[in-house]
Amino acid sequence: MDDAGLFSGGPNPILLVVVPLGFAFALPLIGFVSKKILKYIPVGVFMFNLVVALRLLPLVLKQPILVEIGGFSPPFCINLVAGPVGILFSALIALAGLLVAVYTLVYIKEGPEEKYHILYLLLLTAATGVVLTGDIFNLFVFFEILCISSYTLVAYVGNRAGIESSVKYLIQGAVGSSLLLIGIGLLYGLFGTLNMADLARQIVSVGSSSAFIPMAFMITGLGIEAAIFPLNSWLPDAHSSAPSSVSAILSGIAIEVGLYAVVRILFTLFGLSSFFLFFVFLGVLTLLIGEMCAFSQNNIKRMLAYSSIGQIGLILFAFAIATAYAVTGGLFQMISHTLGKGLLFLAAGYMIVRSGSMEISSLKGMGKRMPLTALAFTIGAFSLVGLPPFIGFPSKFLIIRSALAEEALIFNILIGLILLGTVIEGAYFFRVVQVIYFQKENEHQKRHEAPVAALIPMFLFMIAIVAIGIYPKLVTGILDSAASELLDRVDYIRSVIQ
Amino acid sequence: MRSIISILLLAFIAWGIVTVIGEIPFGTEKSRVGGHYVDQGREETGASNIVTSVVLNYRGFDTLGEVTVLFVAAIGLGAALATRRKKEKREIEPASLVLYTGCRFLFPLILLFGGYIFIHGHLTPGGGFQGGAIVASAFILVYLGCRGRRISETVSKTIESLGGLVFVVVGLVGLAVGGHYFLLNFLPKGELNTLFSAGIIPILYIAIGFKVGSELAGVIDHLMEESE
Amino acid sequence: MSLELLLIIAFGGAIVTYLLGKISCRIREGFAVLISLSLVVMIACLYGENGTESIYFHFLGLPLIMRTNMLSWFFAMAVSALGALSVIFSLNYMKNRERTDFYYLMLLMVNASMLGIIFSGDLISFFIFWEMMSWSTFLLISYNRGPAVAAGLKYIIMSIIGSMAMLVGVLSLYATYETLNMATLAELIGSASSGYLLFLLIIFSIAFAIKNALMPLHTWLPAAYAEAPTPFNGVLSGMLTRMGMYGFLLIMYVIVGATRALNLGSGLFKFHYILAWLGAITIVIPTFIAILQDDAKKLLAWSAVGQGGYMIVGIAVGTNLGLSGGIFHTLNHAIYIVLLFMCVGAIQYRTGGERDLNSLGGFIKKMPFTFIGTLLGISGLVGIPLTNGFVSKWLIYKTLILEGYPFLAFAALIGTWGCILYCYKFIHHIFLGQLPGKYQNVQKAPFSMLLPMIILSFAILFFGILPGIPLKIIDTIGTSFGFKSMNVTIWGIASETGTLNTINIFAAVLIVSIIAWLMLKIGPKAVSVAQEDTYAAGAAIPKDKYHYTVDFYNPLYRMITPYLKDFIDAFYMKFAHWIQSLCNGTRRVYTGYVGNYVMYIVLFLALLIFIRLKWSL
Amino acid sequence: MVFSQVIHFLQNHIYYIGAFGLIFIGLLIILVKHNLIKVIIGLSILETGVNLFLIAVGYISNGTAPIFSNPSVETQRMVDPVPQALVLTAIVIGVAVLALALSLAIRLYQHYGILDLRQIREQKW
Amino acid sequence: MQMIEMILSPLLALIIGIFFLGLSRKIMARIQWRYGPPITQPVIDVIRLFSQKSVSHGKLFNLGIIFSLAGSLVLVLFLPLAQICPLSGSGGMLVILYMMLLAPLGIALSGGESANPNTSIGISRKFILALGYEVPLLLILLALMTHYKTISIVHIVSIQQNTGWAFVSLPLLLSGIAYVLILPAILGIRPFEVVQASQEISSGPMAEYGGPFLALATIQHALSLFIGIALFVNLFLGGAGNLLIFFLKMLVVFVLVLFVNAALPRLRIEQAVKYLWRWPTLLAFIGMIIVLIVRR
């Protein structure tokens with residue numbers, strides 16, 4: 001893989017998928033050589049991915065890169081579309097993957113570690129594949145990898161809660177993937193192609209009405225992973241019983257990738273703009289349900305999981321407004337959620353390790369026992385609530401702004417509900433912050449900070465949160481072109497099918 | 001009550017499907033993409049089995065994913081079951097001599113048949129997955145018939161890894177040789193309907209065959225171990 | 001002196017202070033004082049710089065602007081000066097407490113973000129600093145633990161509600177006018193419809209009313225004031241709460257403009273009229289609640305709610321006198337309430353945190369300077385002539401009477417009478433009456449506490465006797481809003497319908513006091529006797545067991561207590577509980593049975609299909 | 001008349017009906033059964049139905065396999081190869097999920113000693 | 001000229017106040033079929049008190065009484081006595097309202113330094129009573145000020161000189177009646193004698209005073225009598241063109257009030273406040289509304 005020829009004119013985006021995949025396959029072999037270096041491999045791989053993605057970023061901003069696999073031209077081959085969205089997500093996945101991998105170095109100490117690392121690599125590889133692919137069946141395949149590795153990672157600890165959640169997750173996920181496959185089959189039957197651009201072109205010419213039933217199936221199937229309200233019952237269980245590092249990835253990456261898929265299907269494939277209002281409502285409903293459930297939780301991880309549902313609702317709401325501003329805001333919120341929730345889960349992870357319980361009340365005195373971790377948690381919480389100068393503020397700002405630009409009265413009411421959700425969110429997050437800092441703690445607890453390898457990723461997350469929060473221009477340029485890529489179907493079709 | 005609601009809902013969904021299924025032409029003609037593969041597949045890939053050419057060349061990336069799914073399942077199953085692996089070996093009642101001998105006799109034959117299936121994947125019906133499944137069935141036979149025999153975990157893991165790696169490396173070589181195309185069929189296509197044709201397809205299928213065989217065998221191994 | 005530098009020093013100073021605290025307490029404290037004093041000096045140097053605007057940053061494509069004018073200078077000066085005094089006061093008070101680094105960081109951070117709010121030239125930076133102020137305040141309010149936690153939570157939830165409302169307002173302005181620069185907005189908004197302006201004012205008013213603790217949005221304040229660290233109380237009550245006032249000024253008079261803002265609505269339901277009525281209610285009810293309080297800080301807290309009402313009434317009336325009165329009262333109130341909180345702080349410092357009025361008493365001999373500070377503080381609070389509170393209240397009363405709002409004036413005046421009751425209770429229960437035995441060895445407050453108290457006491461008299469100095473500045477603010485200039489003299493206000501001349505009063509009071517003193521001197525010198533040596537009509541009074549302060553206004557309590565429960569707070573709490581049980585009910589959706597979950601999936605699919613068949617989208 | 005139309009529809013879509021029949025049977029099992037193993041069986045039936053449906057989509061009347069085992073095969077009568085490839089993938093995925101589900105079921109049984117999903121409800125709310 | 005007025009006005013007030021004090025004792029005695037002390041008795045008392053010994057509980061004890069007396073004296077300067085009003089242009093009615101606070105506050109502070117329970121009770125009652133009568137009083141004063149559109153008491157007087165007494169002008173009639181109803185409370189006499197209540201709490205706030213202190217307190221009391229009545233005369237009876245008429249008006253009002261004092265028993269503090277918050281307040285409120293309607 002050290003072939004310099006690969007990098008002519010920028011690295012090939014396929015490497016983002018293939019290299020981690022190759023290392024995942026090679027991991028057992030490497031394990032024969034040395035067990036100790038195993039855990040450093042994900043770190044290296046995602047560092048590589050991050051570099052590749054960052055190098056690709058300026059290129060794709062000018063022109064999306066079309067990767068035709070096997071040397072055939074679309075629609076006859078599977079193709080990857082490395083547009084701004086894809087590369088942005090790849091970079092985000094690589095970043096989160098890298099930081100969580102560093103955290104994992106010390107966090108995962110028990111169980112079949114080798115398998116954990118393989119699954120972890122594959123989970124994120126699949127996520128990258130989902131965001132890059134331009135073929136709907138290929139999307140399904142990557143989705144399955146994503147789901148199956150999630151099931152197993154949730155069950156990784158092997159305790160009652162983990163297994164139970166995993167089984168429930170698996171049942172729902174399997175039903176979802178079957179529905180997705182039905183949708184794909186219907187689409188293939190109707191249009192005779194699997195390439196997304198080709199499908200979109202045909203749907204444009206036929207009109208989207210006949211494609212509705214397939215869309216319904218696909219949305220339902222993908223919506224399960226995306227945690228849209230009635231489909232998200234697996235999420236609180238799974239996210240709360242997985243190891244915290246996995247929760248960070250599941251919350252920060254997996255569901256957002258799911259939502260990306262939903263949005264991609266909705267926008268690019270079907271473009272059913274008359275139907276978006278439904279998703280606006282759905283987004284608000286998801287937000288409210290998520291926040292309300294989180295509000296009355298005593299289990300910190302469950303609370304964070306429900307909060308993820310709320311955030312997903314907000315993102316869905318933003319996307320469903322489907323203006324350039326709104327989609328930018330939605331993408332921004334995704335970034336902010338990945339960083340914020342990742343940070344929260346990582347911080348909560350070590351606080352749980354130290355206190356030995358997931359009860360919120362057991363976190364008291366953490367501000368003294370592990371000040372840096374507590375600070376990380378606080379910053380993550382503040383960011384998610386949307387307080388400046390953290391990243392949650394500009395993203396929420398963009399979303400509300402775009403919603404207000406819609407003149408309809410219904411949007412004003414929805415904004416009111418969203419803000420109500422934010423207030424509830426603030427209430428439960430601030431309550432935890434107070435428990436951490438301001439509850440009377442036990443006397444005998446000494447300072448016992450998380451290990452350095454766990455603190456470094458938290459610290460980097462914090463820096464990213466504050467830096468982008470203060471200077472959102474770091475990402476808005478990319479987000480703008482990503483949003484226009486998502487919204488502009490014709491351009492997408494043209495860029496794939498010459 | 002619950003089942004009535006379920007039936008009603010499903011009936012409703014079925015009605016929704018009926019509205020769309022009439023529009024899908026049944027048994028009339030191939031799709032544009034399918035037609036293209038049938039018409040051009042021989043020239044473009046050199047495989048006479050068009051399904052194989054689709055699986056491994058046109059949609060080779062899917063297959064890579066598919067292999068990965070299986071890999072994930074095998075690993076995940078290991079992870080799920082391995083956490084409380086019981087170390088002690090229980091006494092197993094040995095199989096009867098007839099069964100034992102018969103199994104041992106059949107085992108290489110089945111293996112051979114499996115190998116045949118995946119090596120000729122590009123010529124005849126079958127391929128890596130099918131062949132791999134047959135290979136795995138040979139192992140099941142041994143497990144069932146000659147109880148106590150186990151496939152070496154190290155060997156199976158190595159084969160799994162190598163199989164996957166071969167796929168990836170072959171693809172990357174294509175990328176390196178032919179410019180921008182991952183999984184490019186860079187080897188000579190050869191003459192149609194001969195064993196040494198279709199470029200990388202047989203190589204990939206052999207890798208897949210080994211990999212699937214060992215993975216399925218491993219899965220069965222794990223499940224049996226747990227169930228004993 | 002650029003404003004960017006000012007803010008960088010303010011925020012940077014906070015962080016550096018925190019870091020220095022890791023090295024040494026001494027250095028940290030010195031640095032904190034240095035930073036806050038240098039801010040005062042820097043802002044003082046900005047005097048007269050008018051209308052300079054500078055873009056210092058771009059946020060999401062929006063330029064962030066800083067600007068100075070008289071209004072912001074006035075508030076900034078007050079903020080920085082009170083901030084500096086609070087820091088000085090903290091030096092001793094916070095000694096030997098845990099997490100002082102954190103305390104100083106947040107204290108300076110709050111000050112810095114308030115300066116940010118004040119100097120913001122556009123609404124987005126206004127909002128950002130507003131939020132930063134909110135959360136850093138939240139952390140400080142919760143600092144004391146125990147009941148402070150609940151108080152902090154209440155504060156931040158209401159604060160979030162307010163800022164969400166403000167966010168809607170800001171963004172709707174942006175959606176309409178594509179700019180958030182206040183100056184540009186002020187020009188563009190002239191074309192807006194009245195309905196829109198009304199919406200705007202109401203939505204912003206929610207935010208500012210919560211911050212300014214206007215009834216019925218005041219409920220966070222009493223608990224928060226009572227539980228916050230006492231030196232921070234100064235900042236909290238003096239300026240932070242009054243950022244709401246600043247916000248009202250900004251939205252009503254800077255952005256919407258006086259002429260439009262005062263003509264929204266019709267008849268009795270004009271916006272500013274309703275606002276004034278809310279202010280009046282805020283004066284009366286909290287004042288009477290304050291009379292009932294037995295906790296020194298709670299008493300002051302309720303008093304602060306009530307005093308906030310005066311400011312709102314003042315600016316909502318919409319005359320130059322009212323406006324000046326409102327703004328001036330903000331300053332005055334800040335001065336005396338900070339002073340009073342500092343006095344409570346000093347008492348707490350010496351008694352180990354005692355703030356129950358019924359357990360104190362007789363401190364006049366032990367802490368004379370603190371007593372004088374308190375006396376001047378309550379004089380200002382009541383508005384005794386020759387203290388600063390009198391002048392601002394006079395302005396407000398006068399305009400209310402002359403503009404024909406007698407009921408508002410009545411509310412304001414009756415508030416003052418209620419004020420006397422709790423003020424006397426405050427000073428009597430702490431300083432007069434019997435000294436409890438356990439406080440026999442209480443010492444004077446240390447110098448670092450006395451210094452700010454002395455400065456503030458002086459300020460009360462200074463602004464009371466020479467009100468013209470601040471009033472001239474305030475008059476400039478008023479004229480910049482488009483009001484007629486008042487005829488300000490250094491001694492007060494000259495006008496046909498009633499003038500104010502403090503020097504006459506001052507001279508008269510001085511002379512008359514001397515006469516009265518001389519009269520007392522005519523007779524034989526009085527014999528000093530012990531406090532308990534009293535005439536009790538023959539009844540024996542047990543020593544140290546009989547404290548007259550308990551239930552001091554008992555007859556009054558019996559009369560008014562039933563009507564003065566905090567119904568609003570109770571309502572909010574009930575609402576919160578209702579929300580909580582609603583949330584609890586909602587989460588039962590996730591039943592734990594996977595069959596149900598799959599049912600949801602199928603339902604969702606059926607719903608999609610149903611929508612399709614019903615409306616054929 | 002109507003009857004003949006129905007017959008016609010059934011004739012034309014018999015494969016689809018079969019496939020969707022399996023799909024709905026699978027879903028119904030998942031919905032109403034509460035034994036984990038039965039639910040997994042339902043999943044398996046569901047998968048099978050989906051696979052059959054995919055194959056049916058690519059069917060051509062009187063078609064042959066798309067294999068050029070001798071040069072004389074007409075391309076016109078060959079069935080669509082794409083669904084077959086897809087089904088191959090789908091089957092493998094189905095196997096993977098099934099294997100995983102069974103292994104998790106084993107572990108769940110070790111923990112709870114039952115397989116009744118109505119009683120395995122520690123994770124809720 | 002102003003200097004002369006400044007000396008004259010408090011002196012007059014003092015004389016009239018002390019005279020009223022004496023007069024009240026005489027009239028009360030006559031009503032109760034007693035002979036009563038001579039009218040000059042208060043003057044004699046004050047002079048005697050200045051020569052007597054006294055006790056002091058501390059600096060604030062001394063300062064408070066000075067504070068209180070000074071407040072009353074300054075207040076007098078703000079009140080127009082016929083044409084004499086030295087501080088007419090320094091704040092008007094609002095200052096008067098505030099100056100009315102000073103006297104009780106001074107006494108309260110002074111009394112607070114002693115630990116005498118009677119004093120405490122008296123002070124508490126004083127404040128509560130003040131709160132009680134301030135409610136109608138403020139409404140009345142605001143009605144006046146609103147009606148005449150000025151906050152200067154001199155203006156109010158001069159307008160009445162031109163247009164007739166406020167008491168008999170229709171819009172202010174109810175307010176005037178309300179003022180009459182609360183006048184005993186302002187003056188602190190029966191039925192509102194709860195603060196002093198010599199028989200019950202030994203003169204309440206004044207219990208600790210002796211010698212010069214008591215003298216100053218008596219002077220202050222006399223002044224407050226004067227102020228209460230003079231305010232009424234100025235506000236509702238049109239002030240006066242010359243001192244004699246002013247004095248006569250005051251005399252009439254005072255004697256009428258004395259009859260009330262003689263005729264009624266003392267109320268409990270709660271009864272007093274309830275009464276004050278009921279009828280006078282209602283009348284004052286209606287009066288205010290009438291004023292507002294007339295103004296429109």
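In which sense, parallel or antiparallel, do β6(C) and strand β1 (residues 55-56) of chain E pair? In this predicted model, the two strands run in the parallel sense, and their pairing extends over two bridges. One residue pair can be picked out by name: C:Ser528 has E:Ser56 of β1(E) as its bridge partner.

Between chains C and E, 63 residues of chain C are in contact with 67 residues of chain E. On the side of chain C that touches chain E, at least two residues each come from the helices α16 (388-402), α17 (406-431), α20 (502-522) and α21 (554-560), and also from the strands β5 (500-501) and β6 (527-528). Sorted by class, the side of chain C that touches chain E has 44 nonpolar residues, together with 16 polar and three charged ones.

Chain C also meets chain A, where 46 residues of chain C are in contact with 54 residues of chain A. Here the elements of chain C that give two or more residues are the strand β1 (53-59) and the helices α5 (123-141), α6 (147-177), α22 (567-586) and α23 (594-615). Of these, α6(C) gives the most, with 15 residues. The class count for the side of chain C that touches chain A is 34 nonpolar, eight polar and four charged residues.

Chain C is divided into domain 1, covering 265-520, and domain 2, covering 568-615. The C-alpha centres of these two domains of chain C lie 52 Å apart.

Turning to chain A itself, the fold holds 20 helices and two strands. Taken along the principal axes, the C-alpha atoms of chain A fill a box of roughly 70 × 65 × 40 Å. How does the radius of gyration of chain A compare with that of a compact globule? For 498 residues, a compact globule would have a radius of gyration near 23 Å, and the 21 Å of chain A agrees with this. Buried residues account for 73% of the 498 residues in chain A.

Notes: Residues are numbered from 1 along each chain as its sequence is written. Chains are lettered from A and ligands numbered from 1 in the order in which they are written. This is a predicted model: local features need pLDDT of at least 70, side-chain atom pairs count only at pLDDT 80 or more; totals for chains, interfaces and linings use all residues. Two residues are in contact if their C-beta atoms, placed from the backbone, lie within 7 Å. Helices (H or I, at least four residues) and strands (E, at least two) are DSSP runs, numbered from the N terminus. Ala, Val, Leu, Ile, Met, Phe, Trp, Tyr, Cys and Pro count as nonpolar, Asp, Glu, Lys and Arg as charged, and the others, Gly among them, as polar. Domain bounds come from an automatic or database domain assignment. The radius of gyration is taken over C-alpha atoms; the globule rule is 2.2 Å times the number of residues to the power 0.38. A residue is buried if 20 or more other C-beta atoms lie within 10 Å of its own, exposed if 12 or fewer, and partly exposed in between; C-beta atoms are placed from the backbone. Two strands pair if DSSP finds at least two bridges between them.
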